[in-house]
Structures are given as C-alpha cells and as structure tokens.
Amino acid sequence: MEVFNKSQTVDPEVRAYVYSLVNAVGGQSTLDDRYSIGDDALAVLNDLLRWLRLYDDKTNRYDVKRCLAEANLVTGDLLEILALWPEEAQDNRWKSKLALACLQIMVTLTWPMEVAEEKTTMNHMRHRPYIQLAQVGYKRGILHCEDAKILRTAVRIGLRSMAEARRERSRRDEGIIKLMLYFFRNLAMITQPQELPSQGDENEISRSATIEAFHEQDVFNLLLTVGSAANDEFQEHDVIVLETLFHLLKGVDAKKLFMEKEQVANEEINELQSLMQKEKVMLNSYNKHAPTRHNRFGTMLWVKRDDERLSTVTGQNSITNASTTLMQMDATKKYNKPKYRGKLSNEFNETSDFGMRTDLTESARKHLRTFIEDFLDSSFNPLFASLRKAIERETDRIVPSNHKQFWFLISWFLTAEAARRDQKRAKSAWHADRPSQVNPEDNTFAYIAAVLDQETFVLLNRHMQRAFDDKSWQDLQANLLCFTQILLTVQSMAESTDEEDLEIAENIQNRIFYEESTHDRIVAICRGYTHQGFAYLDAVTECVHVFVRMLERYSKQNADLQIRSKRRARKKQKRKEQSHPSDDTQQDTTAADDRENAAEDEREAHLTASERKFDFARFSAKFLSQNCVNTFISLLHFYGDLSPAQLKRCHRFFYRLAFKHELAVMLFRVDILMLFQRIVKGPNGLDTSVEGFKEWEMLVQQVFRRCIKWVERQGRQEGEGWKEAAVVEMLFSKIPSTLFYLQNGFERVVEKRTPRPPAELEIKASVTEEGKRVGVAVSVMLELGNVEGLEWVKKQLKSAVDERQVWEDESAARAAAEASAEEATTIAAPTIFITPANDERKSQLFKDKHLRLLLTTLGLQRLGTPEDTEASWIVPSELSAQELKDTLEQIQKAEFEPPTFDDGKNAQDLVRNKSAGAARRGATTFSDSESSAAGSGDEDEAAFPPNPREKLTADPAQKKKKRLTRRNRTELTEEQVKDRADERRKREKERNSKVKSQLYITASDDESDEERDAEFFRREEETRNKMSGIIKHQLRKEAAGGASGDGGEKKGTKRKAGKSDENGGSKKMKKATKLFSDDEEENEQASDRSRSPISFSTEMGVDVDSDEDSSEDSTTADNEQPPPAPDEEETPSTSPTVFDQDLPLAEVAANTVNAWKSSPAVEALPIEDEDEDDAPVRKPAAAQRRNVRTGFIIDDDSDEE
C-alpha cells in the first residue's frame, strides 16, 4: 500500500533513478558503525545536482526534492560526509570537493519555497507541505549535529576563496562565497509552518537556537567580515548579508535587547501584570450579567415599540432596566456587513512579515547583543552604503523584496543604536562617581551616518511614493518605519550637547521639511488607510504623530522656514511650443502629432519649483478630513490592546482636531460617540488604572458637551429645523462642502475675484507704416494659430462696412435734400457695436491680448475700464466705410501674403508690452508721493526736481535747418532707437543729479537777527493794509463805473483796454473778487494769514499788465500755462514788497511780481503801440508767479531778469 501511494505522488521511474543515486552516495559500513563514502560519491552528488536543476527547475516541479526528502539524503548522507572532513585535513582536495558538492545540494534543498499564486500548480500543492517539514528536519540536523559543527565546516569551505583579493578571485571563488552565504540565509529563513503539525521540539529550530549556533560556529564573525568590507572586497555579496540579517532580526525587540537581565525581568513582570489586569476587567464586566444558579428558569419579554409593534426579548438580564433591554435587543440583531472585495494583505507571513514578535532566551539575547554592537561599530556604514548604491543603480542582484528588507533593517538598527545610547547614558548616570566609566558624550552618531545623508532621504521619498502609488502596503510600512526612526534619531541628535551634532540635526531637519511633497505624501498616506491591517495602521499613525510634532516644533524655532512647492508647468510649456513652431511641424502634421504625444509624457515630469514661507496652520489643516479621522478611529477600535503611547497618539490627534482647530463637529457621528462612551464608561471599557485615562475622560466629556450644545443650538441663522437636521447629520460623515455650515450655521460667503486684465500690447515704434502695423498684428494671430479669431474679426468688419456704407448713402441723400432747402446740417456717424456671439468669444475679447492688439490697430475702441469684463468694442464714427474697406483689404493681404521682417525676426518680435515701451521711452513724473518714496534711500533717484531749463530765443534759420534735417533723416533701427533712448535717459539723469540745494537754500537763511525780523514783519503788515485799501478802492470804482454805463469811459487807449478786458477781464475780476472775499474772511479770523492778497495782486498785475496787449496774446498765455493748482495759489511769498505811496492798482501788481523795475508811476506802463516787437518781453501769467513744486520754490535768476 505504501509503494502504491508513493507511485501516485511521483513518477515511479523518476523515483527509481533518484533512489539508485542516493544509494550510490554511501552508507553505514559493515565493519563498524562509521559512515563509508561510495567510490563514485563525487560523481553521484553531481548527478543528483543535475537532476535537481534539469528536472525540478526546468519543469517547475518538486518531484526530485520529494524523493530526496523521503530518502533522507541530508541527515543520512550529506551531514555524515561533512563530518568526515576534520579541520586537520583542510588541504585534502578530494574531501574538500566532496564538501563543496554536499553544500551545493543542501543549498538547493533548503532554498525557500516561494511561488507566486498565479504560477502555483497541483504538483506544488501536493509536495510543498512535505518538503517544508523536511526542511525543518534539515535545519534541526544541521544545527544539532553531534559528529561535527556543520556551520563551521561551511565557513571553512568559503575561507579559501575569501582570502583571495577581489581582483584575483575567479568566478568559481565568487560562486563559493555566494553558496556559503546562501546556506546561512536559508537556515535563518526556515521556521516551523504554523499550519502544519510539528514533528519534534520547536525550540531546537527556534530563533534562539539559530542565534546560538551562529555564535558558537563563527557565523557572526563571518557576517561581520563580509559586512565591514561590503563596499570594497565583497560588493557582490551585500544583498545576501542583508537577507540573513533580516531573517535573524525581524520580530526581535531592539529596545529589550539592550536591557539588563533585571530590567528584562521587570519588563516581563509588568507585562504579565498588565495582561492579568485586562483579564480581570474583562471578567468583572462579564460577571455583571453572568448566569447564576438562580436563573435556571427562562424569561421572555414583549417590548412594545413606537410603531405599536411587539418585539420578543429573552433572558433575565433584560428585565433590570430599559437600557439593558434595548442592549439585549441590539445584541440579538444580525447585521450582514458588506464584505471587503479588495485584496487583503497577509499580515502573518512567516517568511516576510516583520510585525510578529519573537522572544529570545537570555543566552541568545546576550550573543545577539554582542553581535549587534560589533556590527554597528564596524559594518553598518559600509554595508548600508553599498546597498543604497546598488538600489539606486537597480543592479541585477537586487530583487523587489530587498527594498523592504533594506528599509526595515535601517529602522531596526536606528532603534538599537538609540537603545544602546540610552542604556550607556543611564549607566553613566548611575555610576557617575566612578571615573572609569565611559563618558556618554564619547558615543556619537557617526556609527549610523551612512543612512542620514541626503542620498538616503531622496531614495526613501522616491520608494515611499512608489509604494503608495502601487499600493504595496508592506513596502510602504517598511518605509514609514524607517522614516519615523530617522525623525526620532534626528530629534535625539537635536537634544545633544555637542555643537556638531546640533548643526547636523539642524541641517537634516531643514532638508526633510524643505520639500512640500513630503508633507503632502504624509497627508495622503494618512488618508489612504482602508484594510491594510493593524501593523500597517500602527506604522502610519506613529509616523504622522512624530512628523507633525517635530514639524511644529521646528517651525516654531525657525519662524522664517521656507519650503519648496512644485507645480506642473504644462500650460506654459505648451504655450511656448505653440509660439515657436518648428519647420518640421509645418511640413509634416503626422510627425508633429507623434512628437506632441512624446512631449506630453515628458512634460508630465516637468515641475516648476517655487519657495514660499511655511505656515504650520495651513499644513495641519490638511489632516482635518474625515479620512484622517477614520484612520485614527480604526486604531482606537483596538483600545483594549493598545499601549499607553498608542492611546496618547490618538488622544493628541483628537484633541488637536476638536479644540485647536475647533472642528469637533467632525466627531459628531454616532459610531464615534458610541466608541468614546464605551472607552470611558463601558461596557468593556478602558481600565481606569491605565496611564492617560483621565485625559481621555476629560476629552470625551468635552466632546459630548459640545455635541449637545451643537444639537440644541437655536439661533437666528439655523432656523426651526436645526435640531432635526443635526440629528440626521450625526448618522453620516462630514464632507467639506457642508462642514462650514454645520459648524457655524450659515453658508460660507466666497467673494468672487475680479479677473485680471491681460497686459496691453503695442507694436514697436520702428514699424511706422499703417499697413505694415496691421500686417504685424495679423501675423501674430496666425503664428499663434488663432485663425478662428481672425475670421471672426473679418466677419465683424464686413458687417461694419455694410452698415457704415448704408448710413453714408442715406446721409448723402439727406444732405442733398437739405442743400436744396438751404438747411444743411452735419450729423456724425453712429458708432457700431461689436457684439460677441457667445460667452467664449466675450471671454476671448477680455483675455486674449493679441486679439485686443489687432482690434486696437484696426482703429476700434474699447468702452469701460480695463477691469470691466462686460466692456464693449465699438467702431468709432470717425472711421468711414472706405477706411474700413481698406483695413479689411490689409488684413486679407497680410493673411495670404504675410509680411517679411529683417534679421530673421517674426511678428512677435515686433510686439511688446505697453508698460515696457513707456519705461523704454523714459516717461517719468515727479509727485509728492514719489518724492517721499525717493527719500527712503535710493541713491540713483534725484534728491531734487530737475533743473529748470533756460528759455532761449529760437533762431529762425536754425529752426528751419532742424526741420529740414528731420524731414530728410533715414529710418532708425530698433537698436538705434534703444541706444538713443538710453543715452537720453543717461543725460537727463546726469542733469538731475546736478541739482543742488543752494537753488533753494542760501547761506543767509542760517543767519538770525531779531531786529531785522521785526522790521520785516512790520513792513509786511503795512503792505497788507495798503493792499487791502487799494483793492477795495479799485473795486468800488469799478462798480461805480459799471453803474454809470459806458459814458464814463475815456477815449483812446483806455477804451481799447476796456474792450480787450470786456471778455476775459470780467471773468478774471470775478475770480479776483472771490479770492479777495475769501482772504478778507481769513484776515478777520487770523491776522497772520496773509497769503491770498499777494497772490491776488499777482493775478491782478497780470490782468492789467498792458492794456495794449490783444486778447489773442492773453489767450496764448493762458494756453501756454494751465491755471495754478490750489496749493500753488496759497503758497506764501517771501519777497518783500514796499509801498511808499498810494499807487494805482497796476503799479502795485507790477511791483509785486517784479515785472518791471522800480518805476514809481503808472506812466511806465505802455499806452499804445502798434508793433508787438516794441512791447516789453514778459512771461505768461502763471510764469510770473513763483514756481512751486512739492513745497519748493524753484525760481532761478533767469526769472527775475
């Protein structure tokens, strides 16, 4: 029957061949109990190796391995052959070859059986359990072989190859070293399958037994040797060492590893007490409703509900009170929860999971601690630096599973280094009185420097993003564990007393927190938790907690923290490509589409980076989403199994959400409130003796208090149905669109931002011809591919031509009819409005600056402000139908015969922003605001207004020559225009810089003389009094003359003056009367305000300056200088004016403005002159007053002459 069963699992012919080879290897001697090697043992072992490679590996079957396991080849033959090779016979070549052949077969038989699910066959499912149990037996036999130390023998096999220098090693030597390391890796990976029955003592193959065997047989020393030279001599073997360390250290508590024996015992006792306390609390909760000997009789109740329905409840515990009855009803309900249809991660995979806990014996923990300390001191930096470079280069020896192992081991070793550092500090503090103890400052962070550089951070962020995008949750869990431990290490470094460590920690934090993509990635990972398991959930929440806490602390220490945010630059790149099309694109459209698709993929990776100031409130607000709340609520569901640190992590998140950000409304959900109630009040609640229970109780109390206030809020905004709506909202999660309303009771008012108008364009000054300017504007539209917009403009122009032509014909007919009736009137043509057909065209008219340039060049006008999006475009009445036709023809000509430009320029090169053109022309203004701004300290700006230019008499001959020169000059190029403009601005700047304060302030201003000042003020007072009397007398005289009619006028010159002043003089007299009345009121209020009378005298002096001057001269003077501003009219005059006798008004005015020299009588005025050249040269009216700018009097000597 046994032979029949065997023949059903494996092909009998294959089994016969394999068994015959196994028998030929050797066996027990008939003479004694010693093992006897066969004559052809080496050839037989090579044949067995060929069977494994050519049959099992090629056909993807396990038949040969099954036969070798049934034949007991490893423990019965191979281990016996290795035991016959003692250390004294190291140079025996035949036995060394046999040992190498045995090692090759054992590596193949102990190789981990990992087959993808989609590649699994029936043969695999049939043989895998048996082979896995056989591998457990192989490991037991190898670790506990009584005849020899098998691991030590394997080390001896590879020592000869390791002794060779790297450059002198052959491929065979490299293969032997790999074979030896793979053998140790396989032994570390083999564990007892949880789903299969054990066939012996599991402690013989446990992690502790493996560690002790590795320590006793010098495997740890071999790993230290390879690891310390991983970046030089053993670069090709770093991955195997990584896998060996991973399977040795996963599940081992690094913190407990560096504890003393007493500390470990206390830790285990505390853990046991905690478990017993939890059990006690659970039993107490159960005993409240546990059955007793008095409740053997059944109980049944009918509960009447609101809808007059009856429900049946059984059990005596349902008759205590109403709440217990309702709880009993809920407990009997069945809820068919929808199953998760996604793929759940395998949390408990023995070969790859690192979330399981593994306990070690005291001796194993001691040996492993010694190995870890030596590894950190000598091998950590070389090994992980070599591994990082291999992962970056994506070498062939790196497989996807190595990424997870790499990041997990970094996390584990960083935790171990922190535990070792804390342990040494505790020892130093305990034995501080002993000078022989090690100084804790001697332990620096140099042992782990290889994983704290910028290259590691870049690689970590890249792998973290890739794992998150690919939904590789175990890889992402390893990345998060590594990132968290790096943050904790940097935090410990920042708390060091060494200045160098502080500087390094500051630099690392700046690098980590500088990238905004890192912040967004952490937020996205927190939001993305669904069903990844408890280990992944714990890693996510811990990373978020540590990252936010450290970032908050760092942002407070660095108020000016800058971060770099990246945004895609696809629109800008696309616009650039459209503005500069290539020749190939115009020739071959198909090839252009292919290039565009390739460029689109390339632009996906193009990002524009910009720095901005970091705002922690803005960052923390990203966690205020329902998905983040659900992540921490999922962790809180395990509150009975959480440690105090994990409970504190959840408490801090909910406290920040509800009270710091005032978003407690996100916790107002029925399941969340029930969870909070159960944690604090039970049943099966949190133990009151747990650390942090008081904080949780206070948090839950405040959340419920705010929830009640929120439901019962009856304000003006909420209305009558607020309570009902709030109760309904408690059944669902809160979404961002309604969160603001639920929190405040009213909708958020969002002000719509006014669209920004585009930059106004203009064609450069070098393009002077009107037709060429239109051609430039049309060519710009064609180069940008806006053919549709150009066709729309042509259509609108055609419509405008027809409409304007009809009006002109009608106007001509009307003019002919009115001419016959001698009633001819001229009527301007009505404006024609350009009406866009749809909203898209209206938006284009506002946003498309090139379309607006074309319309402006054609002569169309835009009504409204630049910011007005509803502004209309019109065809002005000045444009005739013929002009519109010519414009349309110019567009068509430029469309079919595009203009050519010099120097290989295109049309866009001849267009510029209007603001740039204005700045290039050097148009500057000088105002009070600019002068105050200039005083802020710009050295290039002028400290005073520009120098007043002297007015020179123009020579007619020179003027004519200049006109001829301008007429016959050649057209300047753009570069020449620019150079001349720069030269002109340079000369103007030099001229302005020569303005000195002595134009306005003289040395005599610093002199002070009280008697002279008193005399000056006395004379000023006399001048004001005389002036007031003279003006009043003159006004009365004018009024009397006007009442008596024209008969009182004198003949001759006086009559001419009256005629000349008949129109303009009356207006000026009214203005003077108004000024005088105002000044008279001011004099009555305060006698020291005497600015207007002098100003008035100046005005009057101008008006009656010369009676012979014609009204044309007065009009010319008024056109040359605008009326004075109010501040200029009120500017006080500082020039002394003395009146020795009562003089007529004309002479007083003349003395006031210094228009004439000190002439005592009015006879000095010209009476009548026929020739203008004989009249005295005088300035315009406004020019005779003091020139005042921004409070400075800028009269120069030329004005007084």
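## Cysteines

How many disulfides does a search of the whole structure find? The search returns zero. Keep in mind as you browse that this is a predicted model.

## Arg 169 in its loop

Let's turn to Arg 169, which sits in the loop between helix H8 (150–163) and helix H9 (171–189). With a relative accessible area of 10%, Arg 169 counts as buried because the cut-off for that label is under 20%.

Its side chain reaches the backbone oxygen of Glu 164 at 3.1 Å and makes a polar contact with the side chain of Glu 174 at 3.3 Å. Leaving aside residues up to four places away in sequence, Arg 169 also touches others, including Ser 161, Ile 177 and Phe 234.

## Salt bridges

Side chains of opposite charge can pair when their charged atoms come close. The structure holds 41 salt bridges. One of them joins Arg 365 to Glu 362, with the closest N and O atoms 2.7 Å apart. Both residues lie in helix H16 (residues 362–378), three residues apart, or about one turn of the helix. Arg 365 is buried at 8%, whereas Glu 362 is partly exposed at 35%.

Glu 762 forms a salt bridge with Arg 912, the closest N and O atoms being 3.3 Å apart. This pair links distant parts of the chain, strand S7 (residues 761–763) and strand S11 (residues 911–913), across 150 residues. Both Glu 762 and Arg 912 are buried. Elsewhere, a network of salt bridges links Asp 377, Glu 417, Arg 420 and Arg 421.

Note on methods. Residues are numbered from 1 along each chain as its sequence is written. This is a predicted model: local features need pLDDT of at least 70, side-chain atom pairs count only at pLDDT 80 or more; totals for chains, interfaces and linings use all residues. Side-chain values use heavy atoms; hydrogens and water are left out. A disulfide is a pair of cysteine sulfur atoms within 2.5 Å. Helices (H or I, at least four residues) and strands (E, at least two) are DSSP runs, numbered from the N terminus. Buried means under 20% relative accessible area, exposed over 50%, partly exposed in between (1.4 Å probe, protein chains only). A polar contact is a pair of N or O atoms within 3.5 Å; within protein, one must be able to donate a hydrogen and the other to accept it, and residues adjacent in sequence count only if both atoms are side-chain atoms. Contact means heavy atoms within 4.5 Å. A salt bridge is a side-chain nitrogen of Lys or Arg within 4 Å of a carboxyl oxygen of Asp or Glu.
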